[in-house]
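Q: I have a model open and would like to go through its fold with you. Could we start with the overall layout and then look at individual residues?

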Amino acid sequence: MSGHQSPSDPAARVKASFAQQSIMRLLGAGLDVVEPGRVDILLPYRADLCQQNGFLHAGISTTIADSAGGYAAFTLFGPGEDVLTSEFKMNFLAPAKGDRFVASGRAVSYTHLTLPTTPYV
């Protein structure tokens, strides 16, 4: 992560970092919304990302949710700072089926060392 970008340009920092995530390219996921404290990641339906019953595999949905939450926090960081997940929990309320999936990360609060986020898929 380079520190030459302005803190007033969180979208550019997120886009540059996201472009380095080979797992997102592998999945075919892309950034949809990037705002301070919010990032949405869009994943189009692909049969090869589904489990045996035709639903999006839980591992795939948690992967995009983790990144959406992390990048939501990252939008509030300054140049030279980076983000890593320290804890993550996901509840599945229904099987994931559809033409596209959106993981939406929202920053909840900010402290010096942690920035909790809430990701939804």
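Q: How many helices and strands does the chain have?
A: This is a predicted model, and its chain has three helices and four strands. Along the sequence they follow the pattern α-α-β-β-α-β-β.

Q: What is the mean pLDDT of the chain?
A: The mean is 88, and 88% of the residues reach 70 or more.

Q: Which elements have the lowest and the highest mean pLDDT?
A: Strand S4, residues 117-120, has the lowest mean among the elements, at 72, whereas H2 has the highest, at 98.

Q: And where does pLDDT stay under 50?
A: That is the case over residues 1-5. For this stretch the model has 11 contacts beyond four places in sequence.

Q: On to the sheet. What is the order of its strands?
A: The sheet is open and has four strands in the order S1-S2-S3-S4, with antiparallel pairing. S1 and S4 stand at the edges with a single partner strand each, so one side of each is left without a neighbour in the sheet. From one strand to the next, the twist averages 15°.

Q: How many bridges join S1 to S2?
A: Five bridges join these two antiparallel strands. Within the pair, Leu31 stands opposite Ile41 in S2.

Q: What lies between S1 and S2?
A: Two residues lie between them, and the two strands form a hairpin. Gly37, in the turn, has a positive phi of about 85°.

Q: What about the other end, how many bridges do S3 and S4 have?
A: Strand S3, residues 100-107, pairs with S4 over four bridges, again in the antiparallel sense. Ser104 stands opposite Tyr120 in S4.

Q: Which strands does H1 touch when it packs on the sheet?
A: H1 touches S1 and S2, and its direction makes about 155° with that of S1.

Q: And which strands does H3 lie across?
A: H3 lies across S2, S3 and S4, and it runs at about 35° to S3.

Q: Back to H1. Which of its residues are buried?
A: In H1, which spans residues 10-19, the buried residues are Pro10, Arg13, Val14, Ser17 and Phe18. They are on the same side of H1, because they cover an arc of only 125° around the axis.

Q: Why would residues three or four places apart point the same way?
A: An α-helix has 3.6 residues a turn, so residues at that spacing point the same way.

Q: Which residues are exposed on the other side of H1?
A: Lys15 and Ala19 are exposed there.

Q: What do the buried residues of H1 pack against?
A: They pack against helix H2 (22-27), strand S1 (30-35), strand S2 (38-44) and helix H3 (58-74).

Q: What is Phe18 in contact with, leaving aside neighbours within four places in sequence?
A: Phe18 is in contact with Met24, Ala29, Gly30, Leu31, Ile41 and Tyr71. Tyr71 is 53 residues from Phe18 in sequence, yet their C-alpha atoms are 8.4 Å apart in space.

Q: Is Ser17 buried or exposed?
A: Ser17 is buried, with a relative accessible area of 13%. Not counting residues up to four places away in sequence, Ser17 touches Tyr71 and Phe74.

Q: Another serine, Ser61: where does it lie?
A: Ser61 lies in helix H3. This residue is buried, with a relative accessible area of 5%.

Q: And what is Ser61 in contact with?
A: Beyond its neighbours within four places in sequence, Ser61 is in contact with Leu56, Met90, Phe92 and Val121.

Q: Now the whole chain. How many of its residues count as buried?
A: Of the 121 residues, 32% count as buried.

Q: What does the accessible surface come to?
A: The accessible surface comes to about 7,100 Å², and 54% of that belongs to carbon and sulfur atoms.

Q: Lastly, what share of the contacts with a separation of 6 or more comes from residues 24 or more positions apart?
A: Such residues account for 60% of those contacts in the chain.

Key:
Residues are numbered from 1 along each chain as its sequence is written. This is a predicted model: local features need pLDDT of at least 70, side-chain atom pairs count only at pLDDT 80 or more; totals for chains, interfaces and linings use all residues. Side-chain values use heavy atoms; hydrogens and water are left out. Buried means under 20% relative accessible area, exposed over 50%, partly exposed in between (1.4 Å probe, protein chains only). The arc is that of the directions from the helix axis to the C-beta atoms. Contact means heavy atoms within 4.5 Å. Two strands pair if DSSP finds at least two bridges between them. pLDDT is the predictor's confidence in each residue, from 0 to 100. Axes are lines fitted to C-alpha atoms, for helices over the stretch in contact, and angles run from 0 to 180 degrees between N-to-C directions. Accessible areas come from the Shrake-Rupley method with a 1.4 Å probe; for residues, only the protein chains shown count as cover.
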